[in-house]
Amino acid sequence: MNKQQLSRRAFLKLAAASSSGVALAGIGPLRNIAAAQDTVELTFGRHWEAAFRPRQAEYDEGFMERHPDIKINITYNTWADHNNVVPAWAAAGTLPDIIYVHGSRATPWAHEGIIIDIHDIVSADEEFNVDGMWEESVRLYRVNGRIHALPYDHGPIILGYNKDMFDAAGMDYPAEDWTMEDMAAAAVELTDPDMGVWGWDGQLDLGNGGGGFFVGAWGGQTMNDDETAMSVDTPEVREALNHWYNLIHEAGAAPSGTESEAFPNQNPFRSGACAMGHIATWSTPSMRALANFEWDVAPTPMGADGTRSTGAFGSGYGITPTSDKPDVAWTYLREYLSLDGMIFMWSLSGRGSPARPEGLEVWLNSDPAPPSGRYFLEAMFDYAVTGPPFQSLAAAQVSNILGREAGLLRLGETSVDAAIAAITEEGNAALDEVADDM
Amino acid sequence: MLRRYFPAISASARREERIFYLFILPWLIGLVVFNAGPVLGMLGLSFTDWRISLDNLQFIGLDNYAKLVDDPIFWVSVGNTLYIVVGRVVFGTAFALFLAILLNQKVPGIPFFRAVYYLPTVTAGVAVALVWIWIFNPRLGILNYSLKQIGITGPPWIYSSTWVKPSLILMSLFQVGPNMIILLAGLQGVPKELYESAEIDGAGNWAKFRNVTLPMLSPVLFFVIIISVVSSFQNFTEIRVMTEGGPGESSNVLIWYLWENAFIFLQLGVAAAVAWIMFVILMALTGLQFRLGRRWVFYEA
Amino acid sequence: MKKAPLAKRKKGEAWRKTIKGRRAIAILITFALLIPIGIIFVMPFIVMVSTALKPLNQVFAFPPRLIPETPQWQNFPDGWYGYGYVDFTTCTWNSLKITVNNIIGNLVSCTLAAYAFARLKARGKNLLFAIVLATMLLPNEALVVPQYVLFNRFGWLDTHLPLMVPPWFGWPFFIFLLRQFFMTIPEELIDAAKIDGAGHARILLQIFVPLSKPALATLAIFAFIGNWNSFFGPLLYLRSPDVQTLPVCLVQYQGAYGNTDWHLMMAVATIAVIPVLLIFIFGQRYFVEGIATSGVKG
């Protein structure tokens with residue numbers, strides 16, 4: 001009975017594996033072979049939802065075939081809990097060899113000794129082409145000028161639009177030479193309160209990447225370049241925030257914070273109730289899975305003077321100080337984060353946007369990539385800048401403040417002036433407090 | 001001082017004392033092995049600059065506590081916590097007692113209703129995010145939809161600084177399952193004879209409730225109130241899943257403030273200080289309740 | 001409207017005064033309250049089941065609909081299968097093992113301690129009981145890291161020991177709960193037993209335990225739900241796939257940036273709630289038995 005159930009399960013596993021194109025080599029037998037030889041175990045702490053694990057397993061099986069002396073052991077955290085589990089691991093000294101590092105965590109984790117300085121390992125490896133990665137993506141993990149982790153995914157934020165809604169209104173799709181004013185005018189035109197539809201989704205965001213999209217066109221920045229002070233108290237940022245605030249609360253061309261919560265999962269653009277919203281490479285898979293309409297992307301609209309700007313962000317992997325075999329860990333990462341590794345893992349699946357230009361080009365043919373996905377590539381080449389805060393030890397506090405005030409602006413519970421004052425005062429206080437620790 | 005706790009006693013009393021200590025021995029061992037270390041560790045760590053690593057800690061005296069006193073958001077979170085605790089305890093206990101009495105009625109189908117009323121407690125963890133869309137959603141939620149049917153425009157609930165705290169209190173009423181069950185068990189334990197003799201004395205429903213049910217239930221009710229205060233202080237899931245302390249800081253309660261400092265800002269020393277402040281506040285409140293409890297709680301022994 | 005004839009009204013009043021009449025009215029009022037509140041309370045469950053039966057792209061469809069167009073029964077086997085990389089059978093088995101162990105452990109250790117605190121006299125008792133209460137008052141979120149460090153020192157990580165051993169050493173909440181119930185048991189019963197020469201072990205087993213069935217059943221249900229749904233501890237303490245518990249396996253469907261298989265997650269969550277409901281419905285018998293016993297002797 002028991003045996004039968006087992007074999008039935010094994011059969012189902014194989015059937016599913018073959019149907020999704022996964023190599024048939026099961027993990028079980030491989031593990032046994034590995035144990036028989038003198039092997040080292042490489043441990044991972046990362047997140048992937050269940051749906052993406054077959055891909056990861058397929059990659060790892062291939063890796064273990066190439067390196068029969070290395071055995072891979074993964075601990076999966078959820079995305080939501082990874083950042084909470086890692087500090088506990090670090091405090092107890094139980095970190096795995098390799099951990100997933102969100103771009104916003106690289107600086108504090110490097111500072112707290114959760115990830116090690118891999119600058120010399122990376123530069124000593126002549127075959128590993130670190131210069132072939134977007135410089136903007138590597139910058140996320142460079143702490144005090146030295147590389148502490150490497151990106152696998154990096155992408156920009158550009159304009160997304162609902163083709164069906166533009167078609168229904170008989171309007172032209174967003175053009176390459178659109179300015180923010182053009183976008184606002186279209187948003188007003190597409191809004192129809194009786195139908196419960198809006199032109200823009202109102203998801204004002206000032207955090208990593210969002211700041212570049214929402215204030216960059218006016219020439220503004222949320223923080224100064226080295227992230228030692230907030231820079232929102234400028235005419236440019238004020239003008240930008242007034243633009244978006246008025247579009248929501250005066251023109252009514254976007255759902256307010258309260259109204260947009262009416263959309264499950266807090267994404268009225270994806271729900272199909274708004275014609276336009278900002279969209280990043282990392283949100284394309286869920287768009288593909290959940291959106292029930294035709295959609296595409298366009299370049300981030302320009303400022304009145306032709307300034308084009310947006311933010312980009314991403315994630316990577318680092319090696320921990322607990323690891324007694326950083327060389328073995330590097331053996332894995334150098335392949336995983338090579339162009340081939342990236343293409344296999346993310347370009348073909350579309351689950352991430354590779355941090356290498358060639359990888360992103362291949363990604364454009366994946367299922368989640370929209371028809372005009374080349375605009376993502378263009379943004380990376382031409383105008384996307386990695387979005388603060390990520391270099392300061394107080395990045396998490398500053399993110400918090402920016403997120404809170406953007407939320408209050410969307411709700412209409414604060415004014416642009418009050419938000420700017422609060423961000424400046426509290427943000428600078430948080431930054432000053434860590435100024436000596438950096 | 002020791003004399004006060006350990007006065008001289010007789011031989012039979014000493015035997016009873018030995019049995020007492022024998023019976024609580026497992027708990028005592030658990031206390032020393034599993035709790036003492038972490039708890040005292042937390043006290044010590046609250047005086048250090050602990051961020052993550054436990055090596056090279058600097059003793060910084062009361063700096064973490066001073067930092068909290070200076071932080072306006074800390075005081076906002078103290079205020080928010082007290083608001084929500086008072087609301088949850090008062091309405092939650094009253095509602096739990098009301099439901100327990102309802103479910104203690106001898107009407108057909110009561111086991112079914114008990115299960116139904118307990119469902120939100122069971123399903124809380126997994127379905128929470130989706131459920132509130134259905135209930136609290138300002139536009140499409142069942143709550144505002146129902147209000148609309150009777151001509152009232154519902155508030156924006158958790159999406160407004162004014163409404164978020166009342167909403168959290170209202171939400172907590174769905175989670176009264178455990179308290180309801182405890183009170184139900186308490187009601188079931190009231191000997192029938194007491195009601196019968198009260199009826200012979202000509203007592204009406206209210207008099208029976210006042211003179212029989214409440215005194216007999218008082219130890220359990222006391223427990224429920226103490227536990228409600230504690231769990232209201234420590235309730236974390238809804239804040240994390242739904243509001244993350246917002247909008248603004250309007251639902252930033254102490255436990256969220258603690259979590260944010262520990263796991264988002266990586267200031268574990270500060271978080272340890274918050275934990276101790278929460279502990280002291282709760283100790284004071286619980287001590288006060290025990291003192292007040294002497295006046296209204298009726299014990300057999 | 002015409003008033004009913006006096007005789008008839010009198011008859012009505014008389015009927016209301018009869019035991020049968022009063023009972024019928026009471027039942028009516030009870031139902032009038034039970035049903036509407038019940039409908040609201042059943043919502044979370046309905047939403048969960050409804051989501052479990054939708055295709056993914058309908059989960060957040062706008063406007064939301066409670067009844068799926070075509071129920072996707074396939075979500076249940078698909079959810080359980082976990083893309084071949086989340087082993088729900090093993091997770092469920094682990095959760096069951098831990099939960100049953102913890103219920104028994106809590107029942108034994110907490111009953112002993114609660115009896116001692118409720119009915120035995122000893123020097124230092126009040127101080128110790130204050131410590132029981134105090135350990136309840138510390139926020140668990142603050143103890144996560146130190147406790148993790150401790151279990152690492154014990155070498156217990158990636159085993160079920162950090163989850164299965166502590167319940168045998170009492171839990172303050174349950175000790176306090178049982179103590180409150182034990183304190184309501186009439187003193188005369190103990191005196192009578194003492195005259196019969198019964199020791200404390202016998203008094204506990206033969207008088208307190210049978211009389212406290214509702215309380216013990218309550219404890220068992222709480223322990224079941226608490227352990228069955230326990231999330232952060234298992235997440236932190238357990239790493240290997242073969243030791244994971246059900247709630248941890250469940251969230252493996254959650255991904256970043258909206259990449260969550262809500263439909264599959266809710267399908268497994270629905271399956272996971274069934275044992276809790278069964279235990280609850282089954283456990284209710286003991287509430288009823290509880291009255292019967294204490295009623296006779298009270």
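This is a predicted model: local features need pLDDT of at least 70, side-chain atom pairs count only at pLDDT 80 or more; totals for chains, interfaces and linings use all residues.
Chain A comprises 19 helices and 11 strands. Along the principal axes, the C-alpha atoms of this chain occupy a box of roughly 70 × 55 × 40 Å. The radius of gyration of chain A is 23 Å, which agrees with the value near 22 Å that a compact globule of 438 residues would have. Of these 438 residues, 54% are classed as buried. Contacts in chain A were also examined by sequence separation: among those between residues at least 6 apart in sequence, 74% link residues at least 24 apart.

Within chain A, strand β1 (residues 40–46) and strand β2 (residues 70–76) run parallel and are joined by seven bridges. One of the residues involved is Arg46(A), whose bridge partner in β2(A) is Tyr76(A). Helix α3 (residues 53–66) of chain A, together with β1(A) and β2(A), forms a β-α-β unit, and this unit is right-handed.

The contact between chains B and C draws 82 residues from chain B and 87 residues from chain C. On the side of chain B that touches chain C, at least two residues each are supplied by α2 (11–45), α5 (110–135), α8 (177–188), α9 (192–200), α10 (205–234), α12 (254–264) and α13 (268–296) of chain B. The most is given by α2(B), which provides 20 residues to this side. Classified by residue type, the side of chain B that touches chain C has 65 nonpolar, 11 polar and six charged residues.

The contact between chains B and A takes 20 residues from chain B and 22 residues from chain A. Here the side of chain B that touches chain A consists of 12 nonpolar, six polar and two charged residues.

The largest nonpolar core contains 289 residues. Leu183(B) and Ile175(C) are the residues with the most contacts inside this core. When residues up to four places away in sequence are not counted, Leu183(B) touches Ala96(B), Leu97(B) and Ala100(B), as well as Leu217(B), Val220(B), Leu221(B) and Val224(B).

Definitions and conventions:
Residues are numbered from 1 along each chain as its sequence is written. Chains are lettered from A and ligands numbered from 1 in the order in which they are written. A nonpolar core is a set of buried Ala, Val, Leu, Ile, Met, Phe, Trp, Tyr and Cys residues joined through C-beta atoms within 7 Å. A residue is buried if 20 or more other C-beta atoms lie within 10 Å of its own, exposed if 12 or fewer, and partly exposed in between; C-beta atoms are placed from the backbone. Two residues are in contact if their C-beta atoms, placed from the backbone, lie within 7 Å. Two strands pair if DSSP finds at least two bridges between them. Helices (H or I, at least four residues) and strands (E, at least two) are DSSP runs, numbered from the N terminus. A crossover is right-handed if, with the strands pointing away from the viewer, the path from the first strand over the helix to the second runs clockwise. Ala, Val, Leu, Ile, Met, Phe, Trp, Tyr, Cys and Pro count as nonpolar, Asp, Glu, Lys and Arg as charged, and the others, Gly among them, as polar. The radius of gyration is taken over C-alpha atoms; the globule rule is 2.2 Å times the number of residues to the power 0.38.
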